[in-house]
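The following paragraphs describe selected features of a protein model, with the criteria behind each term. Please keep the sequence and the coordinates at hand while reading.

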Amino acid sequence: MKSIEKENPCEPEFHQAVQEMATSIIPYIHQNPKYKGMGILRRMVEPERIIQFRVVWTDDKNTVHVNKGYRVAFNSAIGPYKGGLRFHPTVNLSVLKFLGFEQVFKNALTALPMGGGKGGSNFDPKNKSDAEVMRFCQAFMSELQRHIGPNTDIPAGDIGVGGREIGYLFGQYKRLKVEFTGALTGKGYGWGGSLIRPEATGYGAVYMTQEMLATLNKSIEGKTVVVSGSGNVSQHAVAKCIEFGAKVVTMSDSSGYVYDKDGFNMEKLAWVMDLKNNRRGRIQEYIDAFPSAEFHQRETPWKVPCDIALPCATQNELRSKDAEVMVKNGCFCVVEGANMPCSSNAMHVFQKNRILYAPGKASNAGGVATSGLEMAQNSQRMSWTREEVDFRLQQIMRDIHTTCYTYGKRDDGTVDYVHGANIAGFVKVADAMLDQGLV
């Protein structure tokens, strides 16, 4: 780790991701001689290429703005680079390298032929008009289009990049390349997108939760669930929890969280989805529509007693003190819907207390898995039914759970899903790298 930190200074998120992976991988390499002496882990932590560029755009008052654009193409051993684009003020190389590194192993766990990458910009789409977002997306894609394509690198959405942004990005790509290809996923259903894709990450996290609970002969039905976030992943995780009979009592955004003691139902969730997806408002407005709820400003929801927690907002949102409170309050299952939302110390608290805990590289893989299914549909010039895509998604999440369970089972019968996910992802990528030589 010292060499990684020296060569990649001031990149704490990336260091955290590598440290968490290395803890599992280094002992495994020592136990399996074919990986020794090949520099596999050292090669894995070095991106194959990093593209950084200037993005110049004008707002509605014709003021010129300049943002940074990035694409980290991390590893293509098992397929073309695949991973989302994030538009958020916190985006920097450390964040994107951490996300890209995690994406490599997440994609491997799906068993689909996809490498790993990540990209984005420090542009903030909040409080921007549609015209401003369009101009930024067109400027961003004018450079990015040189480096992506259906057999090279296929970006998708992430925080700050939803259906609107994907539409603008794809339109500019199509105009510049003069071709209609599956160069992005998360597209609208009427122009090459897949059914279930918007729901897939949230749905997949809940499918993973069900599989984990089943190992204890339990179900999500009747359980109290705390969810963080109120974006795409959170919305659809809440929807699937409601469908499965759970009681979801919180949602949040950067302004704070709402606690609804009666639980969210589909009517309340529809209101939140309209607030966030159309009106682009703040979660505190929920209490104006539903006065029995409470809003807790600038707080996270982890002190609310629950059986199951689904952190679906952003990286490192759940700290060790939060984890200790959750364990004390009786939470027995934590499944990550976001990418690395639990800090390293929080993860250790959950593991020490034998909490069912799934890392994001396994539990939120439903989104990229369905992106892979969208790529398959684009290649076949076909559109599958909602039922077919959902069936395939459930099967992929079931297989991911089985793989993590197999590699992560402890001597006492419990399962370390972090260890299982790390080893399973590593083996898939490392074997491909060995087969392809020193490239």
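In what order do the five strands of the open sheet stand? The order is β1-β2-β4-β3-β5, with mixed pairing. The model is predicted, so to speak of local features requires a pLDDT of at least 70 and side-chain atom pairs count only at pLDDT 80 or more, while totals for chains, interfaces and linings use all residues. Residues are numbered from 1 along each chain as its sequence is written, and side-chain values use heavy atoms, with hydrogens and water left out.

Helices (H or I, at least four residues) and strands (E, at least two) are DSSP runs numbered from the N terminus, and two strands pair if DSSP finds at least two bridges between them. Strands β1 (49–58) and β5 (153–156) form the edges, each pairing on one side only. From one strand to the next, the twist averages 20°. Within the sheet, β2 (residues 64–75) and β4 (residues 116–121) are antiparallel partners over six bridges, and Gly 69 stands opposite Ser 121 in β4. Helix α4 (residues 93–109) lies across β1, β2, β3 (81–87) and β4, and runs at about 150° to β4. Such angles run from 0 to 180 degrees between N-to-C directions, the axes being lines fitted to C-alpha atoms, for helices over the stretch in contact.

Attention now turns to the helices. The buried residues of α12 (residues 344–352) are Ala 346, Met 347, Val 349, Phe 350 and Gln 351; buried means under 20% relative accessible area, with a 1.4 Å probe and protein chains only. These buried residues pack against α2 (12–31), α11 (320–328), β11 (333–335), β12 (356–358) and α16 (417–436). Just after α12, Arg 354 takes a positive phi of about 55°.

His 401 has its place in helix α15 (residues 386–408). Why does His 401 count as buried? His 401 does so because its relative accessibility is 6%. Leaving aside neighbours within four places in sequence, His 401 is in contact (heavy atoms within 4.5 Å) with Met 208, Glu 211, Met 212, Thr 215 and Tyr 417.

The second largest pocket holds about 290 Å³ of space. Of the 17 residues lining this pocket, the closest to its centre are Pro 150, Gly 372, Met 375, Ala 376 and Ser 379. A pocket is an open set of points on a 1 Å grid over the protein atoms alone, where a 1.4 Å probe fits, with protein on both sides within 12 Å along at least five of seven lines; lining residues have an atom within 4 Å of a point. Helix α14 (residues 366–380) gives the most to the lining of the second largest pocket, with six residues.

Notes:
Buried < 20%, exposed > 50% of the residue type's maximum accessible area, 1.4 Å probe, protein only. Points joined across faces, edges and corners; volume = space filled by probe spheres on them.
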